[in-house]
Amino acid sequence: MGLPMDNLHAPTVASGASSSGHGSDKKQLSVQELIAEKDKVWSELTALGAVLDSHGVNMNTSLTTFDGYPRPDIDVAQIRTTRARIIRLKNDYKALMARIEAALQEHWSNPAAPASTTIGSAGSSSSTQPNTPAVVEVPFAKVNSVVSSSPADTAGLKVGDKITKFGGVDWRNHEKLSRVAQTVQQSEGSAITIKVIRPAVVGGGDERLEMQLTPRHNWGGRGMLGCHLLPL
């Protein structure tokens with residue numbers, strides 16, 4: 001019988017710059033490219049999480065028996081490789097989010113700046129703007145349609161509105177709008193605070209509006225909102 005193996009749950013790949021191309025090795029990427037990279041990383045993390053779930057383990061589950069030997073009921077090697085990859089991708093995801101936030105802070109503090117502004121690998125944009133706000137509300141969804149007399153219509157949503165906040169959901173955590181759907185399902189009959197950006201009718205520029213939207217089934221149409229959202 002072999003000797004007990006003590007750190008089977010530790011990653012076999014040394015930490016450092018990712019070989020996936022998601023990390024700071026990409027020097028100049030537009031905001032859209034960075035968001036696409038972020039989505040790719042998230043998709044892979046989701047798939048890797050499913051691998052761990054299929055084995056009935058998580059990132060902290062011990063891979064050894066009580067006496068220190070490899071557990072015979074799971075694929076220890078695959079789990080170790082998967083965990084190592086998850087650790088690296090989480091670091092990549094964190095770095096990408098920081099870079100996206102820095103670029104979007106610059107863009108939304110200067111609406112005249114092109115949306116394709118690129119940022120450097122250090123996470124700062126190629127030019128700096130004075131007095132950048134600490135928290136920037138960035139639109140993550142656009143209202144594509146609104147049904148008359150629906151909860152969305154009653155709340156004041158209009159076609160073309162860009163949503164920056166939907167309850168506790170924003171551009172950083174909407175997960176391709178799946179979190180918006182969860183919020184709606186969990187909030188029937190309760191008001192949700194919505195923040196939107198809308199082109200001003202007079203004088204050009206944008207208006208930032210806040211409204212209360214109460215999801216409900218019995219308004220006379222399909223769904224609980226009566227509007228359709230598209231991710232940005």
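**Entry 1: helix H4**

I began with helix H4, residues 178-185, which lies across E4, E5 and E7. I noted that H4 runs at about 55° to E4. The coordinates I consulted are those of a predicted model.

I then looked up which residues of H4 are buried, and found Val-180, Thr-183 and Val-184. Viewed down the axis of H4, these buried residues fall within an arc of 100°, so they line one face of the helix. I recalled a general rule here: an α-helix has 3.6 residues a turn, so residues three or four places apart point the same way. I next asked which strands the buried residues of H4 pack against. They pack against E4, E5 and E7.

**Entry 2: the sheet**

Five strands form an open sheet, and I recorded their order as E6-E5-E4-E3-E7. The pairing within the sheet is antiparallel. Strand E6 (206-213) and strand E7 (227-231) stand at the edges; each has a single partner strand, so one side of each is left without a neighbour in the sheet. From one strand to the next, I found that the twist averages 35°.

I examined one pair in detail. Strand E4, residues 162-166, and strand E5, residues 192-199, run antiparallel and are joined by four bridges. On this pair I looked up Phe-166, which stands opposite Ile-194 in E5.

**Entry 3: Thr-82**

I moved to helix H2, which spans residues 76-109 and includes Thr-82.

**Entry 4: the chain as a whole**

Finally, I looked up the overall figures. The protein chain has four helices and seven strands. Read from the N terminus, its elements follow the order β-α-α-β-β-α-β-α-β-β-β. Of the 232 residues in the protein chain, 36% are buried.

I noted the accessible surface of the protein chain as about 12900 Å², with 53% of it belonging to carbon and sulfur atoms. For contacts between residues at least 6 apart in sequence, I recorded that 64% join residues at least 24 apart.

Terms used: Residues are numbered from 1 along each chain as its sequence is written. This is a predicted model: local features need pLDDT of at least 70, side-chain atom pairs count only at pLDDT 80 or more; totals for chains, interfaces and linings use all residues. Side-chain values use heavy atoms; hydrogens and water are left out. Helices (H or I, at least four residues) and strands (E, at least two) are DSSP runs, numbered from the N terminus. Buried means under 20% relative accessible area, exposed over 50%, partly exposed in between (1.4 Å probe, protein chains only). Contact means heavy atoms within 4.5 Å. Accessible areas come from the Shrake-Rupley method with a 1.4 Å probe; for residues, only the protein chains shown count as cover. Two strands pair if DSSP finds at least two bridges between them. Axes are lines fitted to C-alpha atoms, for helices over the stretch in contact, and angles run from 0 to 180 degrees between N-to-C directions. The arc is that of the directions from the helix axis to the C-beta atoms.
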